[in-house]
Amino acid sequence: MYKKHPQGWVKHIDFMLLDTFVGILSFVLSYAIWHRSWDLLRSEIYRTVLILLPFLNFVGMLFLDTHKHILRREYGKEFLSVVKLAVFDALALVLYLFFVQRGAVFSRTVLFLWFFLEIYFLYLFRVLWKHILIRRWKTDGYQKNHLLVVTSSAKAVESISRLLKNSYGEYQVIGFVLTDRKKAPMQKISGIPVVSTLEDLPSYMQGKWVDEVFIDLPKEAEIPTDVLDYCMEMGITTHIRIDSLADRSCMHTVEKFAGSTVITESHRIASTEQFAMKRAMDILGAMVGLFITGILTICVGPLIYFSDPGPIFFSQPRIGKNGRVFRLYKFRSMYQNAEERKAALMAHNTMKGFMFKMENDPRIIGSGPDGKRHGIGWFIRRYSIDEFPQFWNVLLGQLSLVGTRPPLVDEWEQYERHHRARMSIRPGITGLWQVSGRNKIQDFEEVYALDMEYINTWTIGGDIKILLKTLLRIVAGDGE
């Protein structure tokens, strides 16, 4: 699933909120400095102006377009932009005071103080926020999107130059695929390695962390539709920098991408607002879940320790969105040597495909040598208590409340090409297949089909329904 880049003023909503906050802060400080008091709300005119300021500021930002190209604006141009906005705000306020004939009771000193304080704080906060954003994009390796560039030898330097100039570190270009080469040479172009040819591209992408593919070809070149088919099969979003594209059965959107106009295609394209709502729901759910996890640690932790002395929590490498590796946390419900014993139990696997499930698993704490006893481990798994520490992964952005199951690393390495598409979204604690009778599903292809149904039909309302169904299954003790 792909998040469409916001356009227009919505693209810089963070800077707009920041500017509004700074305008109000400067006004309050200017009043406090001159009147040596914080009781500006007692004065009708100052109270009215305080309410009016966000509106004036918003109009000024839209009218002057003060946030256009803000992330690549030089310091001098940034200062001029700030001065323009402050002048607009001041003039708008003077006009308002003139029309309501209240200028006589409004301090001119407060007006001048506010004007200069707004310039100072606007410039300071904007520069700091830009540094924070750019630094976060450059250093947050897990959240940064891995981008593969498909282009020709002649356009490679131009493509990477444009990408690096306009992406602000949001993308990490992992390599070039040159369409006019039959063999991938051991070379780098502008510091980026040539990693594959068109012919070898499917096998290269299958086992790599690739979020998106950018196709930038000369106008006379043909679109490599087989590459588009491979990417769609694997759930990898593509951006095509061309004027037209043949009709395809996936979702498309035309947008700006790192300085180029592209046609983007993906299994599911969602708006920034939808992604923001999903992330807000994840954060809220994670905070509630971690509070419950703290209580469960006190109650369940000692039972786990005394049943099998050792760590209360269990962590394991899992595969996240598009091949990212992260450590997933759980309450330990199995003996400490469970991973070593798995190979010996593969003959009892009831799942067909790339998952392991065993009806009577002797590795579960208190299960006995035949796996039929119902000890503390069975209780933890039946009521899904072992899943609660995963809310920490949700808070970190590695998991979502609802998504697809994060596979083990060895499972991921065995995936066929089409299976990769189920990891084109952030995995979740629960998902559609978990509430669709997972105890009865014994074929991984059925899991894959349910995961793709979830991705292709995803909505916030659908997530809420899955969460409610999950809660009912937990209460009913149907976690296993």
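**Surface patch and aromatic pairs**

Guide: H11 supplies the largest share of the nonpolar patch, three residues. Please note that this is a predicted model.

Visitor: Which residues make the nonpolar surface patch?
Guide: Ile283, Met287, Tyr329, Trp392, Leu395 and Leu396 make the patch, which covers about 520 Å². Helix H8 (272-307) and helix H11 (390-396) are the elements that give two or more residues to it.

Visitor: And where is Tyr329?
Guide: Tyr329 is in strand S12, residues 325-331. Its relative accessible area is 30%, so Tyr329 counts as partly exposed.

Visitor: Changing topic: how many aromatic pairs are there?
Guide: The structure holds 18 aromatic pairs. In one of them, the ring centres of Phe27 and Phe106 are 6.3 Å apart and the planes lie at 15°; the pair is therefore stacked, as the angle is under 30 degrees.

Visitor: Which parts does the pair of Phe27 and Phe106 tie together?
Guide: Phe27 belongs to helix H1 (residues 13-35), and Phe106 to the loop between helix H3 (75-99) and helix H4 (108-139), so the pair links parts that are 79 residues apart in sequence.

Visitor: Are those two buried or exposed?
Guide: Both Phe27 and Phe106 are buried. They also form one aromatic cluster with Tyr31, Tyr46 and Trp114.

Visitor: What span should H3 have?
Guide: At 1.5 Å a residue, the 25 residues of H3 should span 36 Å, and the end C-alpha atoms are 36 Å apart, which agrees. Buried residues in H3 include Leu85, Leu93 and Leu97.

How values were computed: Residues are numbered from 1 along each chain as its sequence is written. This is a predicted model: local features need pLDDT of at least 70, side-chain atom pairs count only at pLDDT 80 or more; totals for chains, interfaces and linings use all residues. Side-chain values use heavy atoms; hydrogens and water are left out. Rings of Phe, Tyr and Trp (its six-membered ring) pair if their centres lie within 6.5 Å; planes under 30 degrees apart count as stacked, over 60 as edge-to-face and the rest as tilted. Helices (H or I, at least four residues) and strands (E, at least two) are DSSP runs, numbered from the N terminus. Buried means under 20% relative accessible area, exposed over 50%, partly exposed in between (1.4 Å probe, protein chains only). The expected span of a helix is 1.5 Å times one less than its number of residues. Patches are made of residues with over 30% relative accessible area and no salt bridge: like charges are joined within 9 Å, nonpolar side chains (Val, Leu, Ile, Met, Phe, Trp, Tyr) within 5 Å. Accessible areas come from the Shrake-Rupley method with a 1.4 Å probe; for residues, only the protein chains shown count as cover. A salt bridge is a side-chain nitrogen of Lys or Arg within 4 Å of a carboxyl oxygen of Asp or Glu.
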